[in-house]
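Hello,

Here is the structure I said I would pass on. Please look through the sequence and the model first, then read the notes below with the model open.

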Amino acid sequence: RRRPLSSPPFSSTAIARPPGCSPPALSPTAMSSSEPRPRPAAFFSGDLPEDALYEVLLRIPAKELCRLRAVCPSWRALTSDPLFVVAHMSRHRTAPPLLAMGYRDDSGVNGVEISDLSGNVVKRIPSAGYEIVLVDGLSGVAGGRMSSKDDTIRVARTRLDLVCFNWRFCSGDFWVLNPATGDTITLPMGFSEELAHELEVEGIKEWCCGVEWCAFGQVSSTREYKALRVSDIGDRKVCEVITFDATNHGRWRKQDPPSAHIFASLKMRSLKCVVVDGVVYFLLDFCSTYCETGVMTIEPGSVASFNLETEEWGVLHGPEQVQGFVQENDISGYSELELQLSLAELNGCLVMVHNIHKVSMDLWFLTDFEKGTWCKKYSMPSHVARFGNPFLMLDDGRIFFNRLDYGQGFFSAGEHGEGFLQSYYPTNDTSDEALKLKESKSIGVYTGSLLSL
């Protein structure tokens with residue numbers, strides 16, 4: 001049972017911003033030339049014609065515009081206008097995105113911070129935390145308390161203008177943060193009505209069930225935000241979907257489970273699931289089913305897909321070279337291949353990462369979803385593996401990797417310890433200096449505008 005907080009879940013703290021600027025929430029929809037724009041006359045400084053001033057400011061990168069806001073109140077008002085922000089985003093589609101990470105400061109305060117790719121913190125949003133009263137499941141008597149004092153925030157692996165997160169010790173509950181406003185919503189903590197009724201009939205307590213996955217995405221056609229939750233109940237998995245926005249928390253709805261076993265091991269779990277353009281992808285667990293039955297019922301490298309728009313499951317075959325890798329190469333078996341494979345989203349594509357120890361790191365891009373066609377666009381030297389796992393690719397060809405420190409081990413399942421952010425140029429096999437992070441396994445890509453923060 002959760003005690004209500006006496007203060008809002010988040011309060012916004014901006015870093016190095018001109019005073020007096022409080023932008024509204026950002027709409028995710030890009031503005032076309034036919035849509036209304038801010039009236040330049042309201043912000044005209046007299047030095048330039050109205051339309052010229054608007055166009056000039058629209059062409060300047062967001063980072064420089066934030067500095068120019070200090071020039072005068074009218075410029076600050078114009079560049080903070082939501083219509084201007086959306087128009088600016090449409091002009092600068094190739095601008096590098098921002099990163100969303102959990103942080104914990106020296107005073108023990110947890111929160112979410114937005115930073116650029118150089119590690120410069122743009123905004124910090126501290127959390128008021130949580131406090132839980134622990135209740136004995138049989139007697140109903142309170143047996144203690146748990147709070148966020150010794151906990152840490154884990155940001156979900158998303159690419160959105162919202163930040164989704166949970167807490168390490170309270171991993172089954174999820175929150176959604178709008179960095180532009182500092183507002184959060186708490187997703188419902190219980191099961192869907194249909195599933196709760198089934199558990200009651202079967203005599204299963206909800207606290208006996210564990211959440212294995214929770215993936216967040218946005219439907220391209222409707223711009224709706226949805227989350228997919230996969231829970232473990234006894235020997236079966238159940239799936240639920242929720243639709244939410246900034247004002248409506250929504251409710252969980254039961255959905256059909258996947259037809260094949262998705263990867264469930266705690267080790268490297270975060271690397272086995274990714275959301276790309278409104279579709280959630282899971283690596284299928286081909287190894288455990290083979291060990292149990294001695295029969296390969298799931299092809300190695302196969303991927304389960306869940307379309308957030310149609311709310312239907314599908315299965316993709318992996319690259320042919322991955323399917324036959326064990327037979328064609330001298331490795332210990334399917335368990336080793338399972339450790340070598342992970343999923344990523346790069347340049348809007350689903351990518352299967354095949355990290356072959358001391359040989360290469362191959363990146364297989366899904367080029368045709370309907371036909372299940374994969375293309376190996378990069379085969380990088382084996383030393384690239386020390387950079388960690390790819391999670392971001394820019395238009396200039398740079399690939400960003402994140403990893404934990406070597407003391408924890410490359411395949412560590414832990415969530416604590418320092419990590420690193422590393423950029424790499426595959427065209428000439430060069431890399432920039434690594435950026436040290438406090439938490440490298442908990443990074444989201446924030447697609448909102450710097451001007452909205």
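At 36% relative accessibility, D429 counts as partly exposed; buried means under 20% relative accessible area, exposed over 50%, and partly exposed in between, with a 1.4 Å probe and protein chains only. This is a predicted model, in which local features need pLDDT of at least 70 and side-chain atom pairs count only at pLDDT 80 or more, while totals for chains, interfaces and linings use all residues. Residues are numbered from 1 along each chain as its sequence is written, and side-chain values use heavy atoms, with hydrogens and water left out.

Back to D429. This residue lies in the loop between β26 and β27 (430-431). R223 sits in the loop between β12 (210-218) and β13 and is partly exposed, with a relative accessible area of 34%.

The whole chain

The chain has nine helices and 29 strands. Helices (H or I, at least four residues) and strands (E, at least two) are DSSP runs, numbered from the N terminus. Of the 453 residues, 49% count as buried. Among contacts between residues at least 6 apart in sequence, 52% join residues at least 24 apart; a contact means heavy atoms within 4.5 Å.

Helix α1

Which residues of helix α1 (residues 50-59) are buried? They are L53, Y54, L57 and L58. Seen down the axis of α1, these residues fall within an arc of 130 degrees, so they line one face of the helix. The arc is taken from the directions from the helix axis to the C-beta atoms. The face turned away from the buried side carries the exposed residues D51 and R59. The cover over the buried residues of α1 includes α2 (62-68), α3 (73-80) and α4 (82-91).

Nonpolar cores

A nonpolar core is a set of buried Ala, Val, Leu, Ile, Met, Phe, Trp, Tyr and Cys residues joined through side-chain atoms within 4.5 Å. The largest one has 40 residues, and the members that touch the most other members are L228, V280, Y281, F282, L350 and M352. Strand β17 (residues 279-283) gives the largest share of this core, five residues. A second, separate core has 35 residues, including L57, C72, A87 and L98. Returning to L228, its contacts beyond four places in sequence include W213, V280, F282, F306 and W313.

Rings

Rings of Phe, Tyr and Trp (its six-membered ring) form a pair if their centres lie within 6.5 Å; planes under 30 degrees apart count as stacked, over 60 as edge-to-face and the rest as tilted. How many aromatic pairs are there by this rule? The count comes to 14. One of them is F401 with Y424, an edge-to-face pair at 6.4 Å centre to centre, with 75 degrees between the planes. F401 lies in strand β25 (residues 399-404) and Y424 in strand β26 (residues 419-425), so the pair ties together parts that are 23 residues apart in sequence. F401 and Y424 are both buried. Elsewhere, ring pairs link W213, F282, F306 and W313 into a cluster.

Charges can also sit over rings: NZ of Lys or CZ of Arg must be within 6 Å of the ring centre and within 35 degrees of the ring normal. The charged end of R124 sits over the ring of Y103, 4.1 Å from its centre. K377 lies over the face of F365, at 4.9 Å from the ring centre.

H354 is in strand β21 (residues 349-356). It is buried, with a relative accessible area of 2%. Leaving aside neighbours within four places in sequence, H354 is in contact with V322, F325, L337, Q340, L341, S360, M361 and D362.

D232 lies in strand β13 (residues 225-233) and counts as partly exposed, at 26% relative accessibility. Beyond four places in sequence, D232 is in contact with C209, G210 and E212. D232 and E212 are 20 residues apart along the chain, and their C-alpha atoms are separated by 6.5 Å.

S449 lies in the segment after β29 (443-446). Is S449 buried or exposed? S449 is buried, with a relative accessible area of 5%. Its side chain reaches the backbone nitrogen of L451 at 3.0 Å.

Regards

How values were computed: Polar contact = N/O pair within 3.5 Å; in protein donor to acceptor, adjacent residues only side chain to side chain.
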